[in-house]
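Dear colleague,

Please find the structure below, together with a short account of what was found in it.

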Number of protein chains: 2
Amino acid sequence: MIELTQRDQIVLEAIITDYIETGEPVGSRTISKRSVMNVSPATIRNVMADLEEMGLLHQPHTSAGRVPTVKGLRLYLDSIMRSRQLGGSEKESIRDALLTRPQDITELLRGTSKMLSQYCRQAGVVLWPKQSIASFKHIEFLRRGPFDIMVILISRAGLIHQTHIESKEEITQAELDKYSLYINELLRNVPLSMVKQRLREEMESEKALFDRLFSRALQMANRAIQYAIEDSEIYIEGQTNLLDNPEFAHVEQMRRILQAFEDKSKMVRLLDEALKASTGIQIVLGTEGELLQEWEEMSLVSAPFRRGDTPLGILGVIGPLRMDYSRIIPIVEFTAQLLSHMLEIADEA
Amino acid sequence: MIELTQRDQIVLEAIITDYIETGEPVGSRTISKRSVMNVSPATIRNVMADLEEMGLLHQPHTSAGRVPTVKGLRLYLDSIMRSRQLGGSEKESIRDALLTRPQDITELLRGTSKMLSQYCRQAGVVLWPKQSIASFKHIEFLRRGPFDIMVILISRAGLIHQTHIESKEEITQAELDKYSLYINELLRNVPLSMVKQRLREEMESEKALFDRLFSRALQMANRAIQYAIEDSEIYIEGQTNLLDNPEFAHVEQMRRILQAFEDKSKMVRLLDEALKASTGIQIVLGTEGELLQEWEEMSLVSAPFRRGDTPLGILGVIGPLRMDYSRIIPIVEFTAQLLSHMLEIADEA
DNA sequence: GGTAGCACTCGACTTCAAAGAGTGCTAAAG
DNA sequence: CTTTAGCACTCTTTGAAGTCGAGTGCTACC
């Protein structure tokens, strides 16, 4: 563990704050003027040299100022930064931005992502693994062809999932209607976590053993639900905000980054890991975690949203390493709380 | 109308072809060498001067070659260009790319968009106004709250539409189930174009007049369908391909263009107009149509896909003015045919 | 009408010098 | 022992000047 004197910390913080603001390497003179304690640039230079030796700062070239390294940022985030409190009016306007999009849950999640991107001026992201379809509401089997069945699954919160399954034997819509009726009755108000178990029980019951029709219905429901919970939705909004960051002025770089966004499955994997790992706010910097190689200069601030203690999904902000963390962190945190709350309401209705 | 001699046409074509290939202003020397007819650069210069006077060419500065203007491109597209035939193997691989994504119709449309973007190395786009939910398959009313009803509408092709409506009176799920049953029975296999009429007839029938329950069901179905057909889905894929075009090397420009993509409602309007206007392949160049202001340097190649004579939606490619039209046009055309065909099959199932 | 020749224009690239920001080191002061 | 002032040094940025080359327009000639 690294030992820093009080003054080291102050200087590091000042450098990072300034760097976050301007994006330019910052020199000793600037810090000397700006900082509260009155010390000369020369003194600051000594401190800087120390910090550089510790690997917290980096000098692009001999005659330039210093830039924080990933290690420096990490230290800053973990033990120096005090994140700003959100003002009441800020909270208010975030809340408004979310509540004016009540339509359905898909809209809500996309809206959240968009809101995050606008408030943080970076890309916003929301991941919603469907296994968290919190509780079962309705299932519907529709015949598309003699062996082709479309299954529509709806959660109480209003999320729709659509799958296809194949039947081994020909089947009529009338039969399927019976299936729907039966399964809906069976699962009424069963939380999704229990659904699979409930189905299994029923499959082993006498009724199913002796009635082929019911048995098939149960199997189908089982398969459909299996598919459903393996799926995830991801909403990435405001990517173009990233273009405003001067560090991405080079088209080459920009393209690499935007292309990474296009491969959603990678993004899903990334966020899924974050979701599993985290209990609260989490920050992944550039090369630190196993962010994609394309992302060296990027950073992710995320927080899970949850029902009670079970995490439902994760939301966050993606931007360059140089972001205003002290502002973004509380926003992400607050949004996660807010969304948790809203989903709770939606699900209770 | 502009009169061009044979030679004018050949020169114009040569310039445009070369410009499309290289992206650089093209000089008289180049044309002289490349063109079939053996004439000296000086002669070409004379022709060029004429073409410039007609507003078909433009000279960035005195000592540069010529670049086609929008007017020049238009003329080329309308009366000079011969679009290349697609080879059998190309057709084959396009077909494969589409057919390997059979899952559901949403996937099919998104896949089409992606395929277009990959084959043309530009952004691909597919617009699907829901009014073309070709024929009604299933409706489901679900209670979300005492006055809040979620309506799910499914077309035979498997497209799902979700809306909310509010009820004036409290309502139970049991009632809603009856509604669903009734409406589904009523509309079984009615093409969507007839649905509204069918509903109206029924509303005026005796049965509805005397049964409040039926009457409310009809009203709800009516409203839900109204919402549904006003909605559109749009799929834009491969935007990052645009970054490869050297003409967008400036970040400023790039941002403007990508930002325009983010406002989907604008894109919908744009394509919707194209859809209404067109019967076949259609090309909108930069400022010509009422493309958005942000799009001066962009161009859209589109073609509607249809069932019989009614257009269902539109697909196309968006890229810079400088695109390889002779290749892209047949691809778009062929894809539209192919998709029309596939939807026909899906809907008959 | 077509072509060769030629002077001219203008952007792209290179070179060079000057300016400016910032450092590291040393020596003196607290 | 820590802090500071001073100074030489390094490296990037900026701008001016100069050269190069592509391409043109014009004129005279075939």
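Which residue does Met298(A) stand opposite in strand 10 of chain A? The residue is Pro320(A). This is a predicted model, in which local features need pLDDT of at least 70 and side-chain atom pairs count only at pLDDT 80 or more, while totals for chains, interfaces and linings use all residues. Residues are numbered from 1 along each chain as its sequence is written, chains are lettered from A in the order in which they are written, and side-chain values use heavy atoms, without hydrogens and water.

Strand 10 of chain A covers residues 310-320 (strands are DSSP runs of E, at least two residues, and helices runs of H or I, at least four, numbered from the N terminus). Nine of its eleven residues are buried (under 20% relative accessible area, 1.4 Å probe, protein chains only). Strand 9 (residues 298-307) runs antiparallel to strand 10 of chain A and is joined to it by ten bridges (pairing requires at least two DSSP bridges). In the hairpin of these strands, Gly308(A) has a positive phi near 55 degrees. Strand 3 (residues 123-129) of chain A also pairs with strand 10 in the antiparallel sense, over five bridges; there, Val126(A) has Leu315(A) as its bridge partner.

Turning to the interface, 29 residues from chain A and 29 residues from chain B are in contact (heavy atoms within 4.5 Å). The rule finds two salt bridges across it (a side-chain nitrogen of Lys or Arg within 4 Å of a carboxyl oxygen of Asp or Glu). Arg255(B) and Asp244(A) form a salt bridge at 2.1 Å, N to O.

With kind regards

Technical notes
Buried means under 20% relative accessible area, exposed over 50%, partly exposed in between (1.4 Å probe, protein chains only).
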